[in-house]
Amino acid sequence: MGSISFEKGRFADHLHEIMGYKSGISASIEHMCDLLSGTGYDDKISNSEKYGLRIRSEDYESLYYELLHKVGVTDKPYGGMFEIFQISKEIEKVGGMEFSTDIHNIYNKNIKLEMKRAAEENKKSLDPTSMIREAAEKHGKKGLDSIMKLIHGYADLMNNSPHSSMRFNQWNDVVNIEDLFSEYRPVVSRGTFLDQRFLDYLSVNTEKLGGIHWRKFEELTAECFSKFGYSVELGPGSNDDGVDVRVWNDDQRGAPKYIIQCKRTKSKIDKVTIKGLYADLVHEGSELGILVTSSEFSVGAKKTITARSYPIEEANGGKIKQWLSELRTPGSGIVRV
């Protein structure tokens with residue numbers, strides 16, 4: 001493969017632009033370098049500001065796919081054309097070389113016809129029905145399964161590729177990673193309390209939970225419970241008497257089912273905090289108190305809960321990580337606390 005050259009100061013601008021388009025998230029040079037820390041690509045970005053950059057095409061794609069993963073668009077670094085090669089191997093294992101070749105021929109023939117048809121009719125999407133029908137008629141279920149793998153594989157390639165204008169979502173705005181960490185600014189264009197893109201970002205960067213703005217930590221908690229189907233009220237953020245989030249099973253008000261206190265802290269949660277949450281629980285008439293923390297309960301806090309049979313649950317970093325993993329795509333059901 002060839003190389004791509006960028007003038008001094010242009011490479012980071014290019015990444016900023018393409019990541020904003022593909023993911024709906026923007027990141028400063030500092031944040032991009034932080035996301036790529038330890039890969040060697042962080043040095044390439046940093047040095048490109050002073051000296052420009054000449055980078056091999058395959059390294060450029062690897063860097064881009066790593067960054068796409070680190071902002072939460074993919075659950076692992078995407079492999080580009082390697083993903084298609086893997087799918088081809090899987091298809092060949094199912095029916096042999098001749099079968100695999102025919103499935104690829106069916107795909108290529110029909111995709112060209114569909115692209116021509118879409119251009120003539122000014123359509124923005126392609127209809128795979130013809131190739132699906134042909135593969136199923138010629139090869140039965142194994143043909144149907146194989147062509148579907150190929151369709152999804154090429155769709156992922158085009159949506160993820162830095163060389164394609166296709167993308168998974170049509171964003172009307174771009175959110176900045178910095179908004180999670182700096183002075184509080186509400187961002188909810190793709191969510192009720194916290195933008196979905198921030199959930200995706202945090203799902204692959206859970207080590208950042210302890211550093212986000214304290215109000216964003218409260219919004220994150222509220223958004224998780226909201227997306228799991230509860231009716232949620234987020235407190236004002238100050239003068240809330242220790243109750244940050246109130247949760248009901250439905251829209252009927254009254255005593256909340258859960259009351260939640262959020263603690264974005266490095267220190268372990270002590271027993272004084274637990275006693276305070278229990279007092280709020282009794283006052284509110286709720287069934288359960290949940291303390292959501294980026295840290296964990298101290299031994300004393302756990303002993304207090306056990307000794308006094310307090311209906312209080314801990315939701316620490318591990319639990320939040322589980323929630324974020326489930327919420328990478330729209331979820332339903334009950335938050336398991």
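**Cores and helix packing in a predicted model**

User: In this predicted model, which residues have the most contacts inside the largest nonpolar core?
Analyst: The largest nonpolar core has 72 residues. Within this core, the residues with the most contacts are Leu 220 and Phe 225.

User: Which helix gives the most to this core?
Analyst: The core in question is the largest nonpolar one, with 72 residues. The top contribution is 8 residues, and it comes from residues 81-121, helix H5.

User: Are H5 and H6 roughly parallel or roughly perpendicular to each other?
Analyst: The axes of H5 and helix H6 (residues 129-160) come within 8 Å and cross at roughly 105°. Angles of 65 to 115 degrees count as roughly perpendicular. H5 and H6 are therefore roughly perpendicular.

User: How many residues of the contact of H5 with H6 are charged?
Analyst: The contact residues include 17 nonpolar and 8 polar ones. The charged group numbers 7.

User: Which residues in H4 does H1 meet, and how many of the contact residues are nonpolar?
Analyst: Helix H1 (residues 10-23) packs against helix H4 (residues 57-70) at about 50°, with axes 11 Å apart. That angle makes H1 oblique to H4, and the crossing is right-handed. From H1, Phe 11, His 14, Leu 15, Ile 18, Met 19 and Lys 22 meet Tyr 60, Leu 63, Tyr 64, Leu 67 and Leu 68 in H4. Of the residues in this contact, 1 is polar, 1 is charged and the nonpolar ones number 9.

Methods
Residues are numbered from 1 along each chain as its sequence is written. This is a predicted model: local features need pLDDT of at least 70, side-chain atom pairs count only at pLDDT 80 or more; totals for chains, interfaces and linings use all residues. Side-chain values use heavy atoms; hydrogens and water are left out. Axes are lines fitted to C-alpha atoms, for helices over the stretch in contact, and angles run from 0 to 180 degrees between N-to-C directions. Helices (H or I, at least four residues) and strands (E, at least two) are DSSP runs, numbered from the N terminus. Angles under 35 degrees count as roughly parallel, over 145 as roughly antiparallel, 65 to 115 as roughly perpendicular and the rest as oblique. A crossing is left-handed if the near helix is turned anticlockwise from the far one by less than a right angle, and right-handed if clockwise. Contact means heavy atoms within 4.5 Å. Ala, Val, Leu, Ile, Met, Phe, Trp, Tyr, Cys and Pro count as nonpolar, Asp, Glu, Lys and Arg as charged, and the others, Gly among them, as polar. A nonpolar core is a set of buried Ala, Val, Leu, Ile, Met, Phe, Trp, Tyr and Cys residues joined through side-chain atoms within 4.5 Å. Buried means under 20% relative accessible area, exposed over 50%, partly exposed in between (1.4 Å probe, protein chains only).
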